[in-house]
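Reader: I have a model open and want to learn how to read it. Can we go feature by feature?

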Amino acid sequence: MANIAKKVSWSSRAEESGVAGERTPLFNGSEQPRLSRQLSGGGSVFQIGRLSTVDLEEEITSDEDSQRGRPKEIPHNEKLLSLKYESLDYDNIENQLFLEEERRMSYMGFRCLEISRWVVCGLIGFLTGLIACFIDIAVEELAGIKYQVVKQNIEKFTEVGGLSISLILWAVLNSSIVMLGAIIVAFFEPIAAGSGIPQIKCYLNGVKIPRVVRLKTLVVKVCGVICSVVGGLAVGKEGPMIHSGAVVAAGVSQGRSTSLKRDFKIFEYFRRDTEKRDFVSAGAAAGVSAAFGAPVGGVLFALEEGASFWNQMLTWRIFFASMISTFTLNFFLSIYHKNPGDLSNPGLINFGRFESDSVAYNLYEIPLFIMMGAIGGLLGALFNLLNYWLTIFRIRYVHRPCLQVMEAMLVAAVTATVSFTMIYFSNDCQPLGPEHTEEYPLQLFCADGEYNSMATAFFNTPERSVRSLFHNQPGTYNPLTLGLFTLTYFFLACWTYGLAVSAGVFIPSLLIGAAWGRLFGILLASITSSGSIWADPGKYALIGAAAQLGGIVRMTLSLTVIMVEATGNVTYGLPIMLVLMTAKIVGDYFVEGLYDIHIKLQSVPFLHLEAPATSHWLTAREVMGSPVTCLNRIEKVGTIVDILSNTSTNHNGFPVVVQVTGSDEPAKLCGLILRSQLIVLLKHKVFVELARSRLTQRKLQLKDFRDAYPRFPPIQSIHVSQDERECMMDLTEFMNATPYTVPQETSLPRVFKLFRALGLRHLVVVDDENRVVGLVTRKDLARYHLGKHGLEELQVAQT
């Protein structure tokens, strides 16, 4: 992590002015060491400030436990921060190399770069649309084969008896297909599990999630989601499209593939975190557009997750990528459906067009919609709480890949069994009219010319089930069928989300909400004399779907636009907005949104848009990390190697200080340099002595740093001889000479705003004379947000 140390610490003003010997308890119960100021390495490395950290990875013996009063077992680690995550450098490193390159570039050069950005965004949209088209066709074909086989088997054994064979066939088919998807995820690329939306939220927030935008992740994601949906799990394929679009963007924008070890020597200027983040935002928006046919909703989704770095030109490029994505998907699906040029399938999920007559609503219905939003918030909170405890159980007991595959197979078999049981015992038979829209109508024990209505909900892909709940005529479903379906699918979806499979939660949420929303509309129509006029079940199914989805994921602005665009009718813009806001307010009262819960469970140092409301009494001095490892402007190579090789700290940013010659004053800040830069310098042996002895030595350029990005070699792979250790390295040309700094008394909210608005990785804390006293990193801020309240819980647990 871009952190001064892989540590967790808490300090307070009391230790500055308190009595000697006073201690402030740390996060894990240890004590606060005394203030210290150390000088090591022969005067070349400064340890400035006070020692206020304790390593989370250190194992403490039982004797030390009893001495320090620590509990034998610390509560769940969601209150601590994981050590495996690093920050991304969203702030440009303005060293001399960067400034010289920018100054050499002509106006035409900058225009060419801008054109290249538009070209890259167009490629992102096109490739994302192709991937969405491939997923949709694969799911439709494979699921069609499976349902046709099972349907024929059920019809056969309905006449001769032995429907248990049909149940076994259905369960075995589901389990086998899901097993394949779970194996490739659990054994080959675990980061491809789930929808990927929490990981992309973290990436746009400034956290580097390992392997999240790799080519291998994309391949596993696409194959895994096909297996999950075809395998009959209570999942959707729309959520993973956001992750897939982000991976496409991260690869295309770099002009090379590090996985395939192919460099196409294009787009080299974009090989840095700042540019890559902008393209990943476009990829995520293109994924939303392809999934829901909602290009504006895709732009707003990216805006909600990365509002701190927005600008007008970037907004237009993201919108361009979203439009290209939905057009590409639309065009190729029209060819697949043997109707070229018919651009009526803008997304993977097509809600169908709501006609004006069926979606008309009156003023007195708005309180009913708000009440449905509250119901959605309550059900969403229940869903999230149940999934939270299931995820904790999985973390503790189902962490081996083989167990994860077995659990996924078990859920697939149970889903098939429950579906078959519900269909078998249902006596809800509906007439099979000439205009029926059911893809696989199942007669079972119904009379000739009728079909089992429960089978329409279960014996189908989730997308088709949602559409039938929206648009089937009144009377298609009876209340008991909808109630039982809502109850069973709610718990199946809750159990399914978090499995080691690639899957999304959007469609299951919509399906659950559409079911109880349609039930709500039927009950309204039954208690009013004019119910058939205004209480249209499809209308309330739409409102229920929005309420349930909003109660689970807690998105408001982007989700409103997505739902409006997906329905193709702006009439319900206001009701959907009111419903989503109500669901969020009610749900947030009990528990956070599903994605935020999973981010916390992974202990990711995620920064929210605003600092905590109770943080104004804190200053930079209380949250900064110290002591700080500083480097001299001209530093000894051996010292740099030793610092980078120190696995107990693993610093990623180093303030560079300079001391006035002949003066006894402490060294003052003159710049900041990153670990990745130092490794490149060591790799190319940019030493003062070698530069003097080799007059023809090639000057290091920014291209050398971009070629090493993003997988910089570890320090262990850099060979430095004993003689080279005695050489000196001049950091003047490579350090950021104008790093952001704040005084010690800066309030935490101001520090927080600097980090979020500027995309910082390090913020140096200085005193009145520009001397380094500390360093604030993302983990220091996230530690307060997650840990301040967690500290109180830990203290209660210790008591």
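Author: Start with a strand pair. Strand β11 (residues 628-632) and strand β13 (residues 653-658) pair in the parallel sense over two bridges. Two strands pair if DSSP finds at least two bridges between them. Helices (H or I, at least four residues) and strands (E, at least two) are DSSP runs, numbered from the N terminus. This is a predicted model: local features need pLDDT of at least 70, side-chain atom pairs count only at pLDDT 80 or more, and totals for chains, interfaces and linings use all residues. Residues are numbered from 1 along each chain as its sequence is written, and side-chain values use heavy atoms, leaving out hydrogens and water.

Reader: Which residue of β13 is the bridge partner of Leu 631?

Author: Val 656 is that partner.

Reader: Is β11 mostly covered or mostly open?

Author: Begin with the cut-offs. Buried means under 20% relative accessible area, exposed over 50%, partly exposed in between (1.4 Å probe, protein chains only). In β11, five of its five residues are buried. Val 628, Cys 630 and Asn 632 point one way. Thr 629 and Leu 631 point the other way.

Reader: Now helices. How far apart are the end C-alpha atoms of α9?

Author: The expected span of a helix is 1.5 Å times one less than its number of residues. Helix α9 (residues 273-292) has 20 residues and should span 28 Å. Its end C-alpha atoms are 28 Å apart, which agrees. All 20 of the 20 residues of α9 are buried, so the helix is largely enclosed by the rest of the structure. Gly 293 follows α9, with a positive phi near 65°.

Reader: What do the buried residues of α16 pack against?

Author: Contact means heavy atoms within 4.5 Å. Helix α16 (residues 462-471) has seven of its 10 residues buried. Among them are Val 466, Leu 469 and Phe 470. The buried residues pack against α15 (453-458), α17 (479-496), α18 (506-527) and α20 (537-553).

Reader: Is Ile 168 buried or exposed?

Author: Ile 168 is exposed, with a relative accessible area of 53%. This residue is found in helix α5 (residues 163-188). Ile 168 and Phe 420 are 252 residues apart in sequence and 10.0 Å apart in space, C-alpha to C-alpha.

Reader: Last one. Where does Phe 327 lie?

Author: Phe 327 lies in helix α11 (residues 312-336). Phe 327 is partly exposed, with a relative accessible area of 46%.
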